[in-house]
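Reader: Hey, I'm new to this one. Can you walk me through it?

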Amino acid sequence: ATWATCPNGYELVRNGECYEKTKSNVKLSAYGGIDDYKRICGDAHAQTVIIKNQEDQDYWESVAKANHPNATDHTYLLLGLECNRTAAKMQWTDGSAVKFNYLEGKETLDDMCNNSPVYCMWYIEPTSGQWKIVWNDALTADLYCVVPHAPTTFVPDEECGSFSSDEDNGMCYQVIATPANRTEATTICRSLGSNFVSIHSKEVNSFVRRMAVSRGLVNGLMLGATATGKGNTYQWNDGSNWDYDNFAPGFPIDGLGDCVAMETNNAQGPWINLDCSTPLPFACAKKRE
């Protein structure tokens with residue numbers, strides 16, 4: 001199996017990318033601020049935040065909203081946009097053209113670049129997700145640096161067969177990319193000689209999430225847990241003890257559903273409850289032979 005691994009201090013987040021919030025609450029001037037951002041990430045052999053499609057936008061918008069849900073602290077997620085004054089066009093800091101944007105109104109990215117005395121920076125406004133501009137002024141920003149993952153090929157574990165091994169707990173795991181509901185997933189796991197996955201530690205939660213994200217599964221992963229019917233309490237379908245959980249703040253929500261899924265687009269892999277008929281990728285687990 002080939003997984004994604006990240007440099008120390010970076011989190012595997014999506015599409016084989018790793019990020020680190022390198023600097024928080026940094027005050028940057030529009031004149032030279034993007035150069036400072038490029039230098040900070042360059043020193044770490046990383047790139048600034050670059051958004052090339054709607055999927056990128058959705059992801060970084062979720063990061064901005066998670067860190068600054070009300071925008072009351074006036075700190076924003078800075079984008080790696082810079083002005084190529086020779087071409088009088090905005091471009092990404094890796095030199096690539098801007099083919100996607102999320103601006104409000106009829107303004108264009110190049111308007112400010114065409115006005116030579118003006119220096120600007122672009123950021124994601126967390127309440128709307130739109131790209132906003134600050135020009136000839138300062139901005140307090142969070143600086144994220146992004147690196148591609150280093151794929152690591154693991155030698156198959158003879159005791160796990162086609163499954164991947166977590167040697168720390170003697171279990172073998174397999175992530176199934178084809179979406180299935182709870183009943184279907186349970187049947188498929190049993191056909192593989194395994195159980196619907198149960199998670200008993202932060203380390204295993206991270207292990208399973210890393211397997212999912214390495215396969216590009218960033219829109220959730222069904223876990224083998226269901227509500228007991230006694231309040232907001234849950235149980236593992238394999239009958240093992242409920243000795244760990246990682247529910248997101250506010251979850252489980254009464255009436256939302258009796259099954260559990262991991263939010264794989266979040267580096268912490270938090271859990272939510274949802275309807276058991278929801279089709280999602282899922283994970284199976286078995287003991288090492």
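**Rings and cores**

Author: Rings of Phe, Tyr and Trp (its six-membered ring) pair if their centres lie within 6.5 Å; planes under 30 degrees apart are stacked, over 60 edge-to-face and the rest tilted. Note that this is a predicted model: local features need pLDDT of at least 70, side-chain atom pairs count only at pLDDT 80 or more, and totals for chains, interfaces and linings use all residues. Residues are numbered from 1 along each chain as its sequence is written, and side-chain values use heavy atoms, leaving out hydrogens and water.

Reader: How many aromatic pairs are there in the whole structure?

Author: A search finds 18. In one of them, Tyr 173 and Phe 207 have ring centres 5.6 Å apart and planes at 55°.

Reader: Why is that pair called tilted?

Author: Because its planes are at 55°. Tyr 173 is in strand E12 (residues 171-180) and Phe 207 in helix H5 (residues 202-214), so the pair ties together parts 34 residues apart in sequence. Helices (H or I, at least four residues) and strands (E, at least two) are DSSP runs, numbered from the N terminus.

Reader: Is Tyr 173 buried or exposed?

Author: Tyr 173 counts as buried, at 2% relative accessibility. Buried means under 20% relative accessible area, exposed over 50%, partly exposed in between (1.4 Å probe, protein chains only). Phe 207 is buried too, at 7%.

Reader: And what about Phe 247 and Trp 271?

Author: They form an edge-to-face pair, 5.7 Å centre to centre with 80° between the planes. Phe 247 sits in the loop between strand E15 (234-236) and strand E16 (259-262), and Trp 271 in strand E17 (residues 271-274), 24 residues apart. Both are buried.

Reader: Switching topic: which residues touch the most other members of the largest nonpolar core?

Author: Ile 51, Trp 60, Leu 77, Leu 78, Leu 79, Trp 122 and Trp 131, out of 47 residues. A nonpolar core is a set of buried Ala, Val, Leu, Ile, Met, Phe, Trp, Tyr and Cys residues joined through side-chain atoms within 4.5 Å. E9 gives the largest share of this core, seven residues. A second, separate core has 24 residues, including Val 197 and Ala 285.

Reader: Last one: what is Thr 186 in contact with?

Author: Leaving aside neighbours within four places in sequence, Thr 186 is in contact (heavy atoms within 4.5 Å) with Phe 196 and Asn 237. Thr 186 lies in helix H4 (residues 182-191) and is buried, at 15% relative accessible area.
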